[in-house]
Amino acid sequence: MLVKQLHHVAYRCKDAKETAAFYTDVLGLKYTMAYSADFVPSTQETSPHFHLFFEMEDGSCVAFFEVPESPDMAFDPNTPDWVQHLAMRVDTMDDLLAAKKRLEDKGLEVLGPTDHGMCQSIYFRDPSGHRLELTCSTMTPEMYKTLSSSAEEMLELWSKTKRAVPNPLQAAGH
């Protein structure tokens, strides 16, 4: 396989310092590096920016750009709010519930836990308004095998009908 691991996913933030405080103090990620320039290396356009990175346990990062001279930040109005989110995994259900309490104690509104059949999740927002999800896997090896073996068939059925595809976990009695 060509791709080995997620290096980083990048989002825009309203304030780099506020974002750093949230991702380190609230979520416990490691602030590992920053980059700042007055021009964009890939396009050579002028746009002063600050690019900061937060590392997770596996070495992958979530990164943010503060771009103060660009128009105000907005989310895609044609995409449902619940679709645009970043999901990050925690190890156990106890960790998920402890995170929910910690987030609520810091004054954040938290939705969940929500049972998705293969995982449990909570949802909340960062200071820039990005929807975040913390998730704890509840998937067994049998569930993974069921989902994996039905993925192609499900995609074909969805492509033809554009309607919900029967849940293979329910059909298998999970």
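**A walk through the predicted model**

Val26 touches Ala21, Arg102, Leu103 and Lys106, leaving aside residues up to four places away in sequence; contact means heavy atoms within 4.5 Å. This is a predicted model, in which local features need pLDDT of at least 70 and side-chain atom pairs count only at pLDDT 80 or more, while totals for chains, interfaces and linings use all residues. Residues are numbered from 1 along each chain as its sequence is written, and side-chain values use heavy atoms, with hydrogens and water left out.

Val26 lies in helix α1. Helices (H or I, at least four residues) and strands (E, at least two) are DSSP runs, numbered from the N terminus. Val26 is buried, with a relative accessible area of 10%; buried means under 20% relative accessible area, with a 1.4 Å probe and protein chains only. Between Val26 and Arg102 there are 7.8 Å in space, C-alpha to C-alpha, although they are 76 residues apart in sequence.

The strands come next. Two strands pair if DSSP finds at least two bridges between them. Strand β1 (residues 8-12) runs parallel to β4, joined by 5 bridges, and His8 stands opposite Cys61 in β4. β4 also pairs with β3, in the antiparallel sense, over 6 bridges. In β4, Phe64 stands opposite Leu52. β3 and β4 form a hairpin with 5 residues between them, and Gly59 in the turn has a positive phi of about 95 degrees.

The largest nonpolar core has 24 residues, of which Tyr23, Leu27, Phe54, Ile122, Phe124, Leu132 and Leu134 touch the most other members. Such a core is a set of buried Ala, Val, Leu, Ile, Met, Phe, Trp, Tyr and Cys residues joined through side-chain atoms within 4.5 Å. Its largest share, 5 residues, comes from α1. Beyond four places in sequence, the contacts of Ile122 include Leu96, Leu103, Val110 and Leu132.

The largest pocket holds about 590 Å³ of space. Of its 20 lining residues, Met56, Glu57, Met88, Arg89 and Val90 are the closest to its centre. A pocket is an open set of points on a 1 Å grid over the protein atoms alone, where a 1.4 Å probe fits, with protein on both sides within 12 Å along at least five of seven lines; lining residues have an atom within 4 Å of a point. The volume is the space filled by probe spheres set on the points, which are joined across faces, edges and corners. β5 gives the most to the lining, with 5 residues.

How values were computed:
Buried means under 20% relative accessible area, exposed over 50%, partly exposed in between (1.4 Å probe, protein chains only).
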